[in-house]
Amino acid sequence: RGLGVVTHVTAGWQRQDHRRLLDHWMKTAPSTGIGTTTSWVSAQADPWEATVQVLPLLADARVSGDTAADLYAPWRRPRLSVVYTNTTIDLHRIGLVTAERPEEAVLRVINPADQTLLTEPAVWRSFRNVDVPLADPLIVWQDVVSGPGTDAQDAADALLAALPRELGWPT
């Protein structure tokens, strides 16, 4: 309120400056990766392949990371898929292997400490004839910017450029 990003209206609060509100959120939002995390690799080393395999096993998933960014605003070949879920699952049975080091992972499964992430409505997109429940694009941005690759910030910037369209903000 004191930042000039919202204004009081009769029915509550209204965004006044979308970009400044986003900048404030990016500086102050807690990390999305807090919770129980398992990291996985696959023989194909393809984040999309791992994601497509795991989604049918999870009723409450939200996909984030590079794969979600690829559906919001394609910019680079995905290196890491992040899947948020309340389900604890052993993915060895579908051919994935636990990553020895987190930076080797093509898939990260997170049981989030903050359940809000899973109660927000998913944004649905299709990939390889699979319906993919995407996390909020701001969560995806946060996961991409902290993800692997020397061009992670560039990929996050490409997603950031698409946010006004995705969030219905005036341009």
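Reader: Which residues of the largest nonpolar core touch the most other members?

Author: A nonpolar core is a set of buried Ala, Val, Leu, Ile, Met, Phe, Trp, Tyr and Cys residues joined through side-chain atoms within 4.5 Å; buried means under 20% relative accessible area, exposed over 50%, and partly exposed in between (1.4 Å probe, protein chains only). Here the largest core has 46 residues, and L91, L107, V132 and V140 touch the most other members. This is a predicted model, in which local features need pLDDT of at least 70, side-chain atom pairs count only at pLDDT 80 or more, and totals for chains, interfaces and linings use all residues. Residues are numbered from 1 along each chain as its sequence is written, and side-chain values use heavy atoms, with hydrogens and water left out.

Reader: Which element gives the most to this core?

Author: Helices (H or I, at least four residues) and strands (E, at least two) are DSSP runs, numbered from the N terminus. Helix α6 gives the most, with six residues. At least two residues each come from α2, α3, β5, β7, α4, β9, α5 and α6 (152-167).

Reader: With which residues is V132 in contact, leaving aside its neighbours within four places in sequence?

Author: Contact means heavy atoms within 4.5 Å. On that basis V132 meets W48, L55, V63, L71, V123, W124, R125 and F127.

Reader: Why is helix α2 largely enclosed by the rest of the structure?

Author: Helix α2 spans residues 47-54, and six of its eight residues are buried, so the rest of the structure largely encloses it. The buried residues are P47, W48, A50, T51, V52 and V54. Their cover includes β4 (62-64), α3 (65-72), β5 (81-84), β7 (107-112), β8 (123-127) and β9 (130-134).
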